[in-house]
Amino acid sequence: MDLTVEGKAYIDGSFQDCCLGITDGKITAIKKILKGDKHITFSHKLILPAGIDIHVHFRDPGMTHKEDFSTGSLAAAFGGVSCYYDMPNTIPQTTDMLSLLDKINSSEKKSFVDFGIYSGISNRNIQNIAKIGEKCSGFKIYLGSTTNSLMLNSKNLRDVFKAANSTNKPILIHAEDDQCLINYKSDERNLTDHLKCRPSECEETAIKKILTSSKTSKNKIHICHLSSFEGLELLKDKQKNISCGVTPHHLLLNIEKNLSPKTWHKVNPPIRTDIDRAALFDGIQNGSIDVLESDHAPHTLDEKNIEFNDAPSGIPGVETLFPMFLYLAKKEKISFGRLISLFCENPAEIVNVPKGKLEIGKDADFIVIDYKDESKVKSEHLHSKCGWSPFEGWPAIFPTHVFVRGEKLIEEHEMLENQGFGRFVDKW
Ligand code: NCD
Ligand code: ZN
Ligand code: ZN
């Protein structure tokens with residue numbers, strides 16, 4: 001064994017004093033006592049699987065003034081995320097083989113942690129789905145317009161599910177119905193207007209269309225950033241291959257709070273009422289929601305600090321998600337078990353990556369936290385290019401150590417590896 005790591009590790013649903021044995025980047029043994037070529041002891045600390053964020057926008061290529069694979073993945077690493085999945089609404093959009101391969105190449109050179117890359121599905125590349133599916137980590141569909149998004153007409157959903165059947169790749173969907181959004185479109189001066197322009201009805205309509213057109217689909221279908229009470233109701237008895245995710249901003253913020261600056265909180269789907277927020281929080285506790293995803297969507301301060309109507313939608317969050325929820329777990333707002341299901345185990349299953357669990361055969365991706373090491377979210381300490389967070393000042397527990405494939409990436413909050421360490425996880 002190359003390395004053995006000793007501590008209180010989350011194994012089989014509880015924290016146990018034990019050792020993880022690691023060979024060639026994989027967990028190969030879990031026992032009370034193990035000694036490898038190298039041995040590290042974290043006696044009073046907790047060892048948890050690292051997070052998997054299946055929804056980030058790292059803006060590379062085309063908008064690298066907002067973020068790039070290097071800064072985005074650095075932020076991911078410091079937030080305890082060992083693997084991220086990047087969305088296709090870049091410039092150019094990732095909708096064909098060339099843009100996909102370029103993106104994988106570029107991220108392989110720049111990334112600090114492992115990653116997957118989605119391909120977008122628009123009305124124009126449906127016939128290429130099977131081919132692209134051989135190389136991409138999954139597909140992304142936008143049913144309603146949002147920041148620089150490619151769109152799919154919902155009439156084409158059936159054809160898309162049919163074409164994707166052969167690929168065995170997950171399909172992630174931004175579920176706001178475009179016709180509905182068009183019906184409500186008007187000028188927006190504040191967050192209440194933004195909410196009125198994107199009511200829950202549009203999420204409901206989109207989810208209904210997805211549910212009726214995907215009945216015979218064999219692919220995993222994931223509804224991204226669920227935001228409404230009504231949307232969640234529709235998904236309570238969903239088919240086994242359908243999952244849904246929710247973001248920290250929809251779980252922790254609501255329109256009745258005096259959210260300021262307003263444009264920072266402009267996001268799609270919008271931040272809704274406390275009734276929606278509370279229903280979603282119930283959903284992560286009781287298991288009707290499967291995944292926590294950041295929807296890390298950075299925009300610069302200059303871009304955000306303009307007239308509300310013209311400001312772009314999107315909130316950063318890849319670095320703060322796990323630390324804020326580790327703090328909430330400590331405060332018993334959610335159990336560690338649920339948190340690990342939501343941000344490690346379930347995402348890994350959806351994107352089919354051998355990570356997310358401290359189990360023999362999985363990649364040795366884990367974080368170490370010191371239960372007493374409470375701190376506050378401070379933008380100046382975060383690694384995203386955007387330089388701000390709507391969670392400024394919120395309590396959090398940042399991991400002291402992060403391991404990816406058995407390599408110590410972060411030690412005592414310091415990065416040890418170079419960019420380029422991260423690997424594309426779906427290499428053919
Ligand atoms: C995202 C972005 O900026 O790329 N914006 C957002 O408000 N969530 C796009 C998206 O996920 O809808
Ligand atoms: Zn979206
Ligand atoms: Zn998104």
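A residue is called buried when its relative accessible area is under 20%, exposed when that value is over 50%, and partly exposed in between, with a 1.4 Å probe and with protein chains only taken into account. Helices (H or I, at least four residues) and strands (E, at least two) are DSSP runs, numbered from the N terminus.

The structure is a predicted model, in which local features need pLDDT of at least 70 and side-chain atom pairs count only at pLDDT 80 or more, while totals for chains, interfaces and linings use all residues. Residues are numbered from 1 along each chain as its sequence is written, chains are lettered from A and ligands numbered from 1 in the order in which they are written, and side-chain values use heavy atoms, with hydrogens and water left out.

## Domains

The chain is divided into domain 1 (3-48 + 361-427) and domain 2 (52-351); such bounds come from an automatic or database domain assignment. Between the C-alpha centres of domain 1 and domain 2 the distance is 25 Å. The contact between them takes 47 residues from domain 1 and 56 residues from domain 2, where contact means heavy atoms within 4.5 Å.

## Nonpolar cores

A nonpolar core is a set of buried Ala, Val, Leu, Ile, Met, Phe, Trp, Tyr and Cys residues joined through side-chain atoms within 4.5 Å. The largest such core has 95 residues, and those that touch the most other members are Ile141, Ile210, Leu251, Ile284, Leu292, Phe325 and Leu326. Helix α12 (residues 321-330) gives the most to this core, namely 8 residues. Each of domain 1 and domain 2 supplies at least three residues to the core. A second, separate core has 16 residues, including Ala9, Ala364, Phe366 and Val368.

Helix α12 is itself mostly covered, with 9 of its 10 residues buried. Among these buried residues are Leu321, Phe322, Phe325 and Leu326.

Two isoleucines illustrate packing between parts of the chain. When neighbours within four places in sequence are left aside, Ile210 is in contact with Leu143, Leu157, Phe161, Ile173, Ala175, Ile221 and Ile223. Ile207 lies in helix α7 (residues 200-213) and is buried, with a relative accessible area of 0%. With its neighbours within four places likewise left aside, Ile207 is in contact with Ala175, Ile223, Leu226, Gly231, Leu234 and Leu235. Ile207 and Glu230 are 23 residues apart in sequence, and their C-alpha atoms are 10.0 Å apart in space.

## The surroundings of ligand 1

Ligand 1 is surrounded by 15 residues, of which the closest are Arg59, Asn89, Thr146, Asn268 and Asp295; a residue counts here if one of its heavy atoms lies within 4 Å of the ligand. The table lists polar contacts, each a pair of N or O atoms within 3.5 Å; within protein, one atom must be able to donate a hydrogen and the other to accept it, and residues adjacent in sequence count only if both atoms are side-chain atoms.

| Side chain | Atom of ligand 1 | Distance |
|---|---|---|
| Asn89 | oxygen | 2.8 Å |
| Thr147 | nitrogen | 3.2 Å |
| Asp295 | nitrogen | 2.9 Å |

On its own, ligand 1 has 310 Å² of accessible area, and the protein covers 100% of it. Accessible areas come from the Shrake-Rupley method with a 1.4 Å probe; for residues, only the protein chains shown count as cover.

## Backbone features

Most residues other than glycine have a negative phi, and most peptide bonds are trans. Arg59, although not a glycine, has a positive phi of about 65°. Arg59 is found in the loop between β5 (51-56) and α1 (69-78), and it is buried, with a relative accessible area of 3%. Glu332 also has a positive phi, of about 60°, and is found in the loop between α12 and α13 (336-351). Glu332 counts as exposed, at 71% relative accessibility.

The peptide bond from Ile91 to Pro92 is cis, with omega near 0°, and Pro92 is placed in the loop between β6 (81-86) and α2 (97-110). Asn268 and Pro269 are also joined by a cis peptide bond, with omega about -10°; Pro269 lies in the loop between α9 (248-252) and α10 (274-286).

Ser99, in helix α2, is in contact with Pro92, Gln93 and Thr94 when neighbours within four places in sequence are left aside. The side chains of Ser99 and Asp96 are joined by a polar contact of 2.6 Å.
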